[in-house]
Amino acid sequence: MDRYICIHGHFYQPPRENPWLEAIEIQDSAYPYHDWNEKINAECYAPNAASRILDAERRILGIVSNYDRINFNFGPTLLSWIETYAPDIYQAILDADRQSMGRYSGHGNAIAQVYNHIIMPLANTRDKHTEIIWGIKDFERRFQRFPEGMWLSETAVDRETLDILAERGIKYTILAQHQASRVRKIGAEKWKDVSGGRIDPTRAYVCRLPSGRSINIFFYDGPISRSVAFEKLLGRGEDFANRLMGGFSATRKWPQILNIATDGESYGHHHRFGDMALAFALNYIESQGFAQLTNYGEYLEKYPPLHEVEIFSNSSWSCMHGIERWKGNCGCNSGGHPEWNQEWRTPLRNALDWLRDQMAVHYEQKAKEYLKDPWMARDDYIHIILNRSDENMNRFFEGHAVRNLTRDEKVLALKLLEIQRHALLMYTSCGWFFDELSGIETVQILQYAGRAIQMSEGFFQNGLEKLFQERLSMAKSNVPELKDGAHIYDKFVKPDVIDLKKVGAHYAVSSLYEDYSESTKIYCYTVSREDYHRAEAGKITIATGRVFVKSEIIMESERLSFCVLHLGNHDFSGGVRTFLGDGAYQSMKDEIMTLFEKGAFADIVRLMDKHFGMHNYSLQHLFRDEQRKIVNQVISSTLEEFEDTYCTLYENNRILMGFLQETGMPIPRAFYTAAEFILNRNLKKVFEEEKDIGRIQSIIHDIKKWNIPVDALDHEFVIRRRIEKAMDELRKNPSDFSLLQRIERKLSLLLALPFEINLWHVQNVYYALAKTAYKEFLSKAKTGDADAGRWIEEFRQIGQKLAFNLEAALPETL
């Protein structure tokens, strides 16, 4: 077969981690999920690990991994998040790559990516090397092999970047057709102009570089890729397959590789069920023998390039002006605000370039005191980023330190290296991609700059932040009240700055609600309790204590003392300071607890000013997730009172509401609001209590009668999680017949709901059990085991409710 298909998915998300916490805090815009990574994982990364192939009646024929059949890359910062927060999906991605090596002649589907999605042509040479080295090392640590290819952010390319890729052993990269300038057959003299996207994308090319090195390049099919990304081609799997096959031509006399490349998020996030269209198309093409699936590495081995290519330097796939989108007002934007301009892009980049260069000079000078070669140490620092264990840190310093460093010297060296890490992160491309300077992506890169500046205080030049903000002020916001970059920095970066005292304050306030152990992990900090005392007087609570706070990133630490007073509701007052010794600490405790015993609470607040000075904190200083948790606890009793009031109002006036409706009179808004609240609450509760279908139908009848909007998003998420939990229990204890029956009842209840439940995870567990536990019970049932027979029948009923084609999923029967 001389027709090959290779689909590449570029899976990437802008980094969303708080630079001071190294974690993503709650994002309300992603509700009901915790954050956008979690939401997109549920919509895309997870489904592509277990995608459905459906029959004509939309029943599940099988569940497959798309990752073991497509070429793909994951951004290292995203894959790090998946490893921590979605470990099953992370493992599925790694497993798929290993399986693909068996499928594709020893070539894995996964390729690397430059580390944090910077626009490579706009980076200096040193940063280009580090980005590529970090991308390779991150890949090797995860996939346990060297990457054959590397994805360039936004496919932004110049010759120097290609040369560094080749120098580092990368065999190929992927570009857009319009990035090719001219081609010729190897050995020929005459070049052919292919500008304007006219290069044939169905073969591999070699690009010879001025250094004498060379690198292979694949150019993806632009029109088909655009149809996938923007023209709803994923609406129907068969249409997708036919469009792919339409990319071949009988006039070509070589083994053609029809290859496309899009954001991987097209398959599920941008286009719902896009993963299923992909799974169907691949299965359809392969099963019908229309073409052979492959990846770039396998094709390159089978069919080395016969043509060489020259590229347009400073070009990309998402800016027709080259790379202007990341440095100027070229006109490329999301289109949401045509009245806005992007003049801010140039001064933003100028400000960051200035900051980078200032930090580079100081880094090199200062780091020489601790590190043999500061820039080689930076390149190797990826090993610490990937594993911050004490053993690994010691190994790093053994190789790079100029001598046996003291603990304080190691802290300073780590600070210097972290400054450099954040100086790279602040160039993440998303900061320039969108329309407005105050957008969350741009604020994110400013926070990286802010974190780098904070760590530089004390051993870099004073006034760095002020000079940086002066340059930021040249970048003007489209939102009048936000003024410029300096104002945005003041508003969105400075308030988020965290030091060890703020970590101590978080611990102090939250300790009134959390029973912390002696050593507690708070994001990337460890808090060790050395002394703690809590007392209560009615609804008023006080706590005093001494803790040792340590950063797990730079090993910086401080011993702190604190006092926090809760006067009820959201009224918290707290103080934190550096521990000044046992005498001062005991004096503070005695004075404050004496006043507490007397009930002189106002005097305690004044006394805290004396002992803690300006280091005073309240509920608003807590990190967002814990702050939200405590606020919810504080208002829970008030919500219960509201709920009782609404319930009484609705039950006492339900008949009156019916009369008003029958006579055509308007129902008072208060009655309607009570009905909306109570009926939605009842719908959630009746499912939690596993009431019969009749009760659910009664509630739904009332909802329809009063034309009540159903909080489908919230209900779906809660109900889904409960069914998933039950199914996970069944996976652990498949012989629990009562649990099997309970799951079947839960699924029966779903039929009465006025909205759809996402049963993806439940179906996955069922499919796994069908290949394991089902076969075991089937063997027992065939020997006459009546209990096993009942289990088989109940399991098959569940399969029907989960929309499986039982003949395909459970081919063996009694």
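**Entry 1: what I am looking at**

I am working from a predicted model, so I keep in mind that local features were taken up only at pLDDT of at least 70.

**Entry 2: the sheet**

I began with an open sheet of 6 strands, and I read its order as E15-E16-E17-E18-E19-E20, with antiparallel pairing. At its edges I found E15 and E20 (616-617), each pairing on one side only.

I then walked across the sheet. E15 (residues 519-522) is antiparallel to E16 (residues 525-537), and I noted 4 bridges there. Within this pair, Lys 521 sits opposite Thr 526 of E16. The two strands make a hairpin with 2 residues between them, and Tyr 523 in the turn shows a positive phi of about 55°.

Next I took E16 with E17 (residues 540-551), an antiparallel pair held over 12 bridges. Here Asp 531 faces Arg 546 in E17. This hairpin also has 2 residues between the strands, and I marked Gly 538 in it for a positive phi near 70°.

Further along, E18 (residues 557-566) and E19 (residues 572-578) run antiparallel and are joined by 7 bridges. I looked up Ser 561 and found Arg 577 in E19 as its bridge partner. Helix H20 (residues 582-598) packs on the sheet, where it touches E16, E17, E18 and E19. I put the angle between the directions of H20 and E17 at about 160°.

**Entry 3: the cores**

Which residues touch the most other members of the largest nonpolar core? I listed Ile 5, Ile 7, Tyr 45, Phe 74, Ile 82, Phe 240 and Phe 468, out of 234 residues in that core.

Setting aside neighbours within four places in sequence, I found Phe 468 in contact with Ala 351, Leu 352, Trp 354, Leu 355, Leu 446, Ala 449, Ile 453 and Tyr 489.

**Entry 4: Gln 763**

Is Gln 763 buried or exposed? I count Gln 763 as buried, because its relative accessible area is 11%, under the 20% cut-off. I placed Gln 763 in helix H27 (residues 760-771).

Its side chain makes a polar contact of 3.0 Å with the side chain of Arg 52. A polar atom of the Gln 763 side chain also lies 3.0 Å from the backbone oxygen of Leu 802. Beyond residues up to four places away in sequence, Gln 763 touches Arg 52, Ile 60, Ile 63, Leu 802 and Phe 804.

**Entry 5: helix H6**

In H6 (residues 222-230) I found Gly 222, Ile 224, Ser 225, Ser 227, Val 228 and Ala 229 buried. Their cover includes strand E11 (214-220), helix H7 (237-245) and strand E12 (256-263).

Just after H6, I noted a positive phi of about 65° at Lys 232.

**Entry 6: the cysteines**

How many disulfides are there? I counted 0 disulfides. I checked Cys 330 and Cys 332: the closest cysteine sulfur to that of Cys 330 is in Cys 332, at 3.7 Å, so the pair is too far for a bond, given a cut-off of 2.5 Å. Cys 330 is buried at 18% relative accessible area, and Cys 332 is buried at 13%.

Most residues other than glycine have a negative phi, and most peptide bonds are trans, so I went looking for exceptions.

The peptide bond from Tyr 31 to Pro 32 is cis, with omega near 10°. I found Pro 32 in the loop between strand E1 (3-11) and helix H1 (36-49). Glu 22 is also placed in the loop between E1 and H1, and its phi is positive, near 60°. At 30% relative accessibility, I noted Glu 22 as partly exposed.

My last stop was Asn 314, in the loop between strand E14 (307-311) and helix H10 (345-367). Its phi is positive, near 60°, and Asn 314 is partly exposed at 39% relative accessible area.

Conventions
Residues are numbered from 1 along each chain as its sequence is written. This is a predicted model: local features need pLDDT of at least 70, side-chain atom pairs count only at pLDDT 80 or more; totals for chains, interfaces and linings use all residues. Side-chain values use heavy atoms; hydrogens and water are left out. Two strands pair if DSSP finds at least two bridges between them. A nonpolar core is a set of buried Ala, Val, Leu, Ile, Met, Phe, Trp, Tyr and Cys residues joined through side-chain atoms within 4.5 Å. Buried means under 20% relative accessible area, exposed over 50%, partly exposed in between (1.4 Å probe, protein chains only). Contact means heavy atoms within 4.5 Å. Axes are lines fitted to C-alpha atoms, for helices over the stretch in contact, and angles run from 0 to 180 degrees between N-to-C directions. A polar contact is a pair of N or O atoms within 3.5 Å; within protein, one must be able to donate a hydrogen and the other to accept it, and residues adjacent in sequence count only if both atoms are side-chain atoms.
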